[in-house]
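This briefing is intended to be read alongside the sequence and the three-dimensional view shown below. Points are grouped by topic.

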Amino acid sequence: MRKSWRLKDIVLMSVLGVVFGFIYLGFFGVGKVLVAILTPFGLGPIGYELIYGIWFIVSIIAAYIIRKPGVAFTAETIAAITEVLVGSTSGPALILSGMVQGLGAEIAFAVTKWKNYQPRILVFSGVSAAFISFPYHFFVSGFHAYESWLIMTMFVIRLLSGAIIAGYFGKILADQLAKTGVLNGYPIGKEIIARHEKSSTNF
Amino acid sequence: MKNHQPIFELDSFSFSFDKHDEPSLNNVSFSLYAEEVTLLLGASGSGKSTLTLCLNGLYPEAIDGFTSGDLLYKGRSISSYPKGVINQEIGIVFQDPESQFCMVRVEDELAFVLENLSIPRSQMKQRIEHVLDIVGLSQYKKHNIHQLSGGQKQKVALASILLMDPQYLILDEPTANLDPISSIEFIETIMRIQKERRFGLLVIEHEIDDWETYAHRLIALNKKGEILLDSTPKEGFINHLQELRSNRIRVPKRYVNREIARPPSSEKENKEVIVNLKNIQFNYKNKQILNELSFLIKKGRFCAIVGENGAGKSTLLQLIAKLNKPVSGSIDFLNIPLSDWHENELYKKIGYVFQNPEHQFINQTVYDEVCFGMKLSGYSRVETERMAHQLLTDFDLLSDKWKNPFSLSGGQKRRLSVATMLHSTPDLLLFDEPTFGQDAYTISQFMRIVMQLNEKGTTIVFVTHDMDLVDSYCNHVLVMQEGNIVYNGTPKELWRRTELLERARLRIPYRLRSMNEEMTV
Amino acid sequence: MIHSLNPTMKAITIIMPAILLSFSFDIITPAIMFIYILILTFFFSKLNIKKWLFYFIPMSFFALGLAWMTMLYTDGRYATGPIIFSFLSFDIRMGSIIVSISLALRSLCFIGLSLLFAFTTDPTKFMLSLMQQARLSPKLTYGILAGYRFVPTFRHELDMLKKAHRIRGFGHAKGWRNLVEQMKQYFIPLLAGAIRKAERVAIAMESKGFTGSKERTYYTVMKIKFTDYLFLSIMLIILIIAYYVSYRLGTLNIFGHRITP
């Protein structure tokens, strides 16, 4: 299969990036509510970590659909640019943060030479995005001022969130989308058609 | 005309999306020439759009498809040209005005084309202004494309193609999403330019009445993607009428003895009022959309709301369905104010079919989609299954019942969206432009279903641009203009109000146009 | 005027202090930067102040929330000085208050910079400038622009979806548990439509002779001018001054290390 991007791959990445840019912004609000709920229990900062996986999800969805090198990184970066252009609380540095997260997600696919898109690789991608992004946020968001037990807990929760929300739910969303037939022109859709044909010939 | 070298030569050309698939184009052979206007006809799914993208060199590469046979452009195989060369000599205007542009402003979109051609910057401004002048959009240079009307968008698409000074131009249903007047304007614009520039023209269109007079030639494809006919339009429409029609191809109305549609019946006039609007005012973003509207619709009517885009038709329909709230005034449904209706009860009695049927789909399969409303209404499982089976049979969807609703064809989606409204027999069904962008066969099949519902007592109200539909089905018509109702009465009476029709940008139905022509001749 | 600056240079100029501010955990440094950002916003850009406040005020609650949280969970290195007050089981010390105000001011700076960029930059020009100055490939540039074009249509589409679902008796799913359900309800149809359009747009663009080749002329030429360098330099100078003033006042704190003259 050709590894170079077709124009329609790029436009799709862009559409996904823009849509998720808006969703990402929305989830800042969700995080705030979680923080407010958890603060009386002494676990405030964990609020954001619980849902942190949502902020990697476009990487996994785009990569899973298009299956070419650089897709996870680019889609995440576009989402971050969208957030900044729409106006976010984290400022323009969010673009860098998006790039770091995208890079983290891309690593999982790079390790398998962009050939394997099985569920465990998608989950692994969510984990690697969490793993890479944490040190970056440690630096930029001033986690340094937190107590160390809290930092460790935050890290573990972020890894889990990356695995479940980004990896697992990302896959489910992309599969649902593929079922509508609009992705038939992309690798994910072709895989579904092939599976379909196989099962019908077996029958 | 055919003494020139052909622009395109196809020899036993076939195309399929997948190796194992049935080909979408099957062993097609013909040539296309400069200066010639050709109509390409075929039912939905006969491979017309695929053919255009093959001619343009984008297929098979863009989708990894498979071809066999020869496709030559100016005597050379199309695949031997470097990327982009063919695209710049062959222009296409596509159907959907919403998805042809990559830039925000008109000027930038046109510049994008010139940049692709590496035209020096110093010439760009002048070329852009010139081409906007040709298509009549000079004052829109700095406008945002998404704020233009559908007709204007298609003219921008045409302008960007003209900038390439193409050898050959392909129009892939460019007027399918336009209202009748915009459609005529578009056709006149392009034919005027064709006369001056003398490029070859391939026109794909479902509604060909207005194109036929300009065409030199007719090529028809059958369902299997094979050539059915290649002749002059006159010869084709006169001598092969039955063949064309049996392949679900719509022919110009003047070649068909019109079936007399149901005469708008006034005998079984019902006195009861179903919807009653009084002094309705509606604003959106501080702009007045509807202005002091009052009218009533009687039970059992088949009523159309017509008028140009932006007149407030869809807004009005949504108000009747309680999807919007008026600023002032009152709406009664079955003599009870809308505000007193509980939503669950109301939407058992009112159905609403949206312009884009996909908006209404909630479930993963066609079957679940049909059952959804029944489950909400608390029918038993046995009952639900029985009703669902009946509905799917009536709407010709039984064989697709486990498909995802989004993967259906346009006509099937439309039928499904109506079926989802019929879990309880609604008293009132509202339709927002139900026939937009559909082919002839789909429209007639759809209207048959709606007629049957109306005969069972459901009141029908629909927004449309198609005056032929209004003429043959409706017994009540409301004309809107700039947020006002400027006519409220029967279609028959409306066709006599020439001055009013012109003001509201409406076109009289074909039946009367042809009568007028006969009278003048 | 900030509107007329080169977008790529502007982005760099704005990202830089955002990163460099991350070192400081005192009040003076971000405070000076924040004042400078406000001066830029009110005096050097022609943005609508009302609209700016409309975004800025709710976002600054975020900064307050962050400050509050930091105050409660301050690490030992920062939680020094006398106990000022107690909240639930937390003892809040002077050091905690300082570091939390610092972080709050830092995020106010981020918000200010972000809005300054968002309000003074035309997305199209930003992309064109990325192509012309940052050598982003035309294929990527125009591909992204094509995707951005759908933004204005989303709101309308969402509105129609909500209405269509209401008619079918499938109201707005409420509550936390339904969040996923809700996303699915609107998200799949919204995206399915957009993806189909994306594919069509890509075809339409290629049929207009777009190959993604770098050999192309530009209608809108983006340039880097003297003022762009000036803007960048002043931003850096102010940042240095901010750190220096804090240093002279003896308040400078880099990652918990007090640095005094």
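In this predicted model, the secondary structure of chain A consists of eight helices and zero strands. Along the sequence, chain A therefore reads α-α-α-α-α-α-α-α. With a radius of gyration of 18 Å, close to the 17 Å given by the globule rule for 203 residues, chain A is as compact as a globular protein of that length.

**Chain A: dimensions and packing**
- Taken along the principal axes, the C-alpha atoms of chain A fill a box of roughly 60 × 35 × 30 Å.
- Of the 203 residues in chain A, 59% are buried.
- Among contacts in chain A with a separation of 6 or more, 73% join residues 24 or more positions apart.

**Contact between chain A and chain C**
- Chain A contributes 42 residues to this contact, and chain C contributes 55 residues.
- On the side of chain A that touches chain C, at least two residues each come from helix 1 (7–38), helix 4 (71–86), helix 5 (93–111), helix 6 (119–140) and helix 7 (148–179) of chain A.
- Helix 1 of chain A gives the most to that side, with twelve residues.
- By residue class, the side of chain A that touches chain C comprises 26 nonpolar, 13 polar and three charged residues.

**Contact between chain B and chain C**
- Here 50 residues come from chain B and 38 residues from chain C.
- Helix 2 (85–89), helix 3 (106–116), helix 4 (121–135), helix 11 (343–349) and helix 12 (366–376) of chain B each provide at least two residues of the side of chain B that touches chain C.
- The most is given by helix 3 of chain B, with six residues.
- The side of chain B that touches chain C is made up of 27 nonpolar, 16 polar and seven charged residues.

**Helix 6 of chain B**
- This helix (residues 180–197) has 18 residues and spans 26 Å from its first C-alpha to its last, close to the 26 Å expected at 1.5 Å a residue.
- Its buried residues are Pro180(B), Ser182(B), Ser183(B), Phe186(B), Ile187(B) and Ile190(B).
- Viewed down the axis of helix 6 of chain B, the buried residues fall within an arc of 160 degrees, so they line one face of the helix.
- These buried residues pack against helix 5 (150–162), helix 7 (209–212) and helix 16 (467–473) of chain B.
- Glu188(B), Lys195(B) and Glu196(B), on the other side of helix 6 of chain B, are exposed.
- Arg198(B), which follows helix 6 of chain B, has a positive phi, near 60 degrees.

Conventions. Residues are numbered from 1 along each chain as its sequence is written. Chains are lettered from A and ligands numbered from 1 in the order in which they are written. This is a predicted model: local features need pLDDT of at least 70, side-chain atom pairs count only at pLDDT 80 or more; totals for chains, interfaces and linings use all residues. Two residues are in contact if their C-beta atoms, placed from the backbone, lie within 7 Å. Helices (H or I, at least four residues) and strands (E, at least two) are DSSP runs, numbered from the N terminus. Ala, Val, Leu, Ile, Met, Phe, Trp, Tyr, Cys and Pro count as nonpolar, Asp, Glu, Lys and Arg as charged, and the others, Gly among them, as polar. The expected span of a helix is 1.5 Å times one less than its number of residues. A residue is buried if 20 or more other C-beta atoms lie within 10 Å of its own, exposed if 12 or fewer, and partly exposed in between; C-beta atoms are placed from the backbone. The arc is that of the directions from the helix axis to the C-beta atoms. The radius of gyration is taken over C-alpha atoms; the globule rule is 2.2 Å times the number of residues to the power 0.38.
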